[in-house]
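Subject: Handing over the structure

Hi,

Here is the structure I promised to pass on.

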Amino acid sequence: MDAFTTHTGVGVPLRRGNVDTDQIIPAEYLKRVTRTGFEDGLFAAWRKDESFVLNSPVYADGSVLVAGPDFGTGSSREHAVWALMNWGFRVVISSRFADIFRGNSGKQGLLTAIVSQDDVELIWKYLENNPGAEISVDLVARSVHAGEIVAPFEIDDYTRWRLLEGLDDIGLTLRHEDLVADFESHRPSHKPVTAPA
Amino acid sequence: MAHALDHRNAAAEGSQRDVMAGTLAEKVWDAHVVRRAEGEPDLLYIDLHLLHEVTSPQAFDGLRLAGRPVRRPDLTLATEDHNVPTTPGPITDPVSKIQVETLRRNCEEFGVRLYPMGDADQGIVHVVGPQLGLTQPGMTVVCGDSHTSTHGAFGALAFGIGTSEVEHVLATQTLPLKPFRTLAVNVRGELPDGVTAKDIVLAVIATIGTGGGQGYVIEYRGEAIEALSMEARMTVCNMSIEAGARAGMIAPDQTTFDYLRGRPHAPTGADWEAAVAEWTSLRSDDDAVFDAEVDLDAAELTPFVTWGTNPGQGLPLSASVPDPEEFADESDRLAAANALAYMGLEPGTPLRDIKVDTVFVGSCTNGRIEDLRAAAAVVQGHRVADGVRMLVVPGSAKVRLQAESEGLDKVFTQAGAEWRLPGCSMCLGMNPDTLAPGERSASTSNRNFEGRQGKGGRTHLVSPLVAAATAVRGTLSSPSDLDSASRSNGQLASATTGEA
């Protein structure tokens, strides 16, 4: 995973709440066995509408998505994160994220910045008045900068540290393999196993 | 939140852990902490890891790239469900085929047990685990699938994970997790006849919203929950994720033990006695404090259906399509307007007047034997309405066999319904079972998202009873509509008008 400190890129205003992962990437696009190429399915149904924001050439290089509340609800599919990143997004801003989506994002290095809905409204207005404008997201200072707007964002300390350092979770856990083995040695004998008896 | 965190911090220091009151979720959590350190997530041990073909290929690929083995193949189980056709014959979609073949290759290479298409134990992953007796009280269960919350019906802490986490569990049998908050959903009193577990959970989601459970583990409590069968409890816990909660739990009791006894992977002999003794202690202490509580009166619940494009947009069947202007909150208003445009519905239309093209009975929400029995009892002696197709898709091969041994397949086919092979099917349409654009379904599945059941398809989430009655009448209906001479009386929902 690449380390993340700051990012500056074109902001894309997505005036929608409850953006579920079926909208981010419909099931028919989930059949690949790789982590790449999912950009073709990103918001596939909405992109059929010519007026959909991502269809505007102004946002072709968009990398900071600014969405309504409850982003990433529903299915656990990590493909939603891959699709956003394959498209070029590095940051999603929303006032509330679904748990699994936010967790998946943290594993892949997609920053989910929790900004108050009032600030999201201000950023939406700024972007709509200045289509194609860039937004800066500073993970060190935990702030979003859009024109004159400076909006603080929330992210938990541990995820922030991992993103700043670009650390791999599995490697971190394997440092404690002795503790895992010790735990296993104390598991009750009645716990089931899947293997044939 | 403070309570849960305080509790865990105290436990970490080894102080007074045993004398502090705890919720069921906290007890199961605490029993699985491998490592706890200040400022870091807890490292939790995972007792059972379930896999399917959609969310696992990239995880196995990651292991291969890093040269890591599966740490505990004996705690891991795979099944083919999302892509499998429900009509006889091989997978015809080449991309689906590659995905299923990839799972087979990965399971062979890494030594993971797999129940493939055609196997006697194949089925939807969340139907297979419980029916084998692999899902037991007090366990931690994960799967790369958000409906893993289903297994919480046994008093297990069970939740969906992403593919990176699947890889993490394969490699380490653990997951780093931040503590959840706890939410008690108390369903007091007795459910009226004709009101089911599905109606309970749809009402809960409509009450707290699709984000209401965000960050919480829900514990469902109260007389109405205790009276439910295991199948019905699984339906309730299954849809916890639709309220934003990663997990839903129900304290194990005699109903749980009776369901488990004698199942292939249930403990036997002295192990059974030891297990039941441990399971009996798995309940929230009387003085345990939840971070939040919600109360519902079971007696006021009625058959519930969704009208919109998220599972929180639901109402009693007796209600009418709402007017977006009635919503106070601007984002709710916009969401309702978008939903009605997508669903092709006019405000004020009685929900009972909505005509459907397709009825789907199945999925990890309502594809178990009890669900099929309930639907069969309603369609028995009736015909599926002209112009309506009804698909009945058992949740597993075992459920299908059981249903056939009871003659349910005949009841369905004689009524004009299609009796299919097990799989996820039209819940998400990764196989050929999809809605055409503009088609409308009454579906016992869990998500009415735009396009979920096929591009442009319109979904109303319903219970198996409502699904079956709807198939017969062709419009959203409850079984009482079939019994009554005219549709103006005898409505189950007529006793109440409240919007849950």
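Below is what I found in it.

This is a predicted model, in which local features need pLDDT of at least 70 and side-chain atom pairs count only at pLDDT 80 or more, while totals for chains, interfaces and linings use all residues. Residues are numbered from 1 along each chain as its sequence is written, and chains are lettered from A, ligands numbered from 1, in the order in which they are written.

Chain A first. Its C-alpha trace spans about 65 × 40 × 25 Å along the principal axes. Chain A has eight helices and seven strands (DSSP runs, H or I of at least four residues for helices and E of at least two for strands, numbered from the N terminus). Of its 197 residues, 46% are buried (20 or more other C-beta atoms within 10 Å of the residue's own, with C-beta atoms placed from the backbone).

Finally, a strand pair in chain B. Strand β2 (residues 42–45) runs antiparallel to β8(B), joined by four bridges (strands pair if DSSP finds at least two bridges between them). Asp42(B) has Leu177(B) as its bridge partner in β8(B). From β8 (residues 174–177), Thr174(B) and Pro176(B) point one way, Leu175(B) and Leu177(B) the other, and all are buried.

Best wishes

Technical notes. A residue is buried if 20 or more other C-beta atoms lie within 10 Å of its own, exposed if 12 or fewer, and partly exposed in between; C-beta atoms are placed from the backbone.
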